[in-house]
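Me: I would like to go through the labels attached to this model and ask what each one rests on.

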Amino acid sequence: MPPTAPPKKVPNLEQRTREHLFPNEVAAMISAAKQIGRHGHRNSTLILLAYRHGLRVSELVTLRWEQIDFSGGTIYINRRKHGVSSTHPLRGLELRALRQLQREYPDSAYLFVSERGAAISTATARGIIAQSGIEAGLSLSVHPHMLRHACGFYLASKGFDTRAIQAYLGHKNIQNTVRYTELSPGRFKDFWND
């Protein structure tokens, strides 16, 4: 019997109309994640950090406590895929969530741990994010990279400089960042003055 080819990947545009989330959708996911299972706080913090720092799923699951500086209020982001690593500020909401997470899982080197105390897998993180999207009642099927895109679009919509967004997301090539400013509604705000 001849080998069969794997099924063709369904293009993203056929699965969903956009590849990013709006801030209110992310907030709904964070709230929904708190209500799911025994690890609600861990799950909601995972979504919060992925969104606020534009993390890839592989960057998210490998976060370690040694990357957090509570006294300085910073997190060191170790970028993957040949990205540029950087240090980001942590805001009060994030610091409080991280302190609680550390109290809940005091014996782990990793921020996001499984029942056995090991770092959660990328598949687990994907499942948490997808389930949170469902529980939040979103019409889109959500995947982790949508949180990274949501971060870029949020920063662009607030008018931040493209080079600053590039550095924040760790893009080596600015062309990867320009997509966020191209879709920002702010660049059209003065087109109609009613």
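**Labels and their grounds**

Reply: His82 has its place in the loop between S2 and S3. The model is a predicted one.

Me: Why is His82 called exposed?
Reply: Exposed requires a relative accessible area over 50%. His82 has 70%, so the label exposed applies.

Me: What is the value of phi for His82?
Reply: Phi of His82 is near 60°, which is positive, and the residue is not glycine. Most residues other than glycine have a negative phi.

Me: Where is Lys81 found, and what is its phi?
Reply: Lys81 is in the loop between strand S2 (74-77) and strand S3 (86-89). Its phi is near 55°, again a positive value in a residue other than glycine.

Me: Is Lys81 buried or exposed, and how do you know?
Reply: The cut-off for exposed is over 50%. Lys81 has a relative accessible area of 66%, therefore it counts as exposed.

Me: Which residues is Tyr105 in contact with, leaving aside its neighbours within four places in sequence?
Reply: They are His39, Arg42, Trp65 and Val113. Contact here requires heavy atoms within 4.5 Å. The C-alpha atoms of Tyr105 and Arg42 are separated by 9.3 Å, and the two residues are 63 residues apart along the chain.

Me: What joins the side chains of Tyr105 and His39?
Reply: A polar contact of 2.6 Å joins them. The limit for such a pair of N or O atoms is 3.5 Å, and the two must be able to donate and accept a hydrogen.

Me: What makes the radius of gyration of the protein chain agree with a compact globule?
Reply: For 194 residues the globule rule gives a value near 16 Å, and the protein chain has 18 Å, which agrees.

Me: How many of the residues are buried, as a percentage?
Reply: Buried residues are 44% of the 194 in the protein chain.

Me: What share of the contacts with a separation of 6 or more links residues 24 or more positions apart?
Reply: In the protein chain, that share is 61%.

Me: How many helices and strands does the protein chain have, and in what order do they run?
Reply: There are 9 helices and 3 strands. From the N terminus, the order is α-α-α-α-β-β-β-α-α-α-α-α.

How values were computed: Residues are numbered from 1 along each chain as its sequence is written. This is a predicted model: local features need pLDDT of at least 70, side-chain atom pairs count only at pLDDT 80 or more; totals for chains, interfaces and linings use all residues. Side-chain values use heavy atoms; hydrogens and water are left out. Helices (H or I, at least four residues) and strands (E, at least two) are DSSP runs, numbered from the N terminus. The radius of gyration is taken over C-alpha atoms; the globule rule is 2.2 Å times the number of residues to the power 0.38. Buried means under 20% relative accessible area, exposed over 50%, partly exposed in between (1.4 Å probe, protein chains only).
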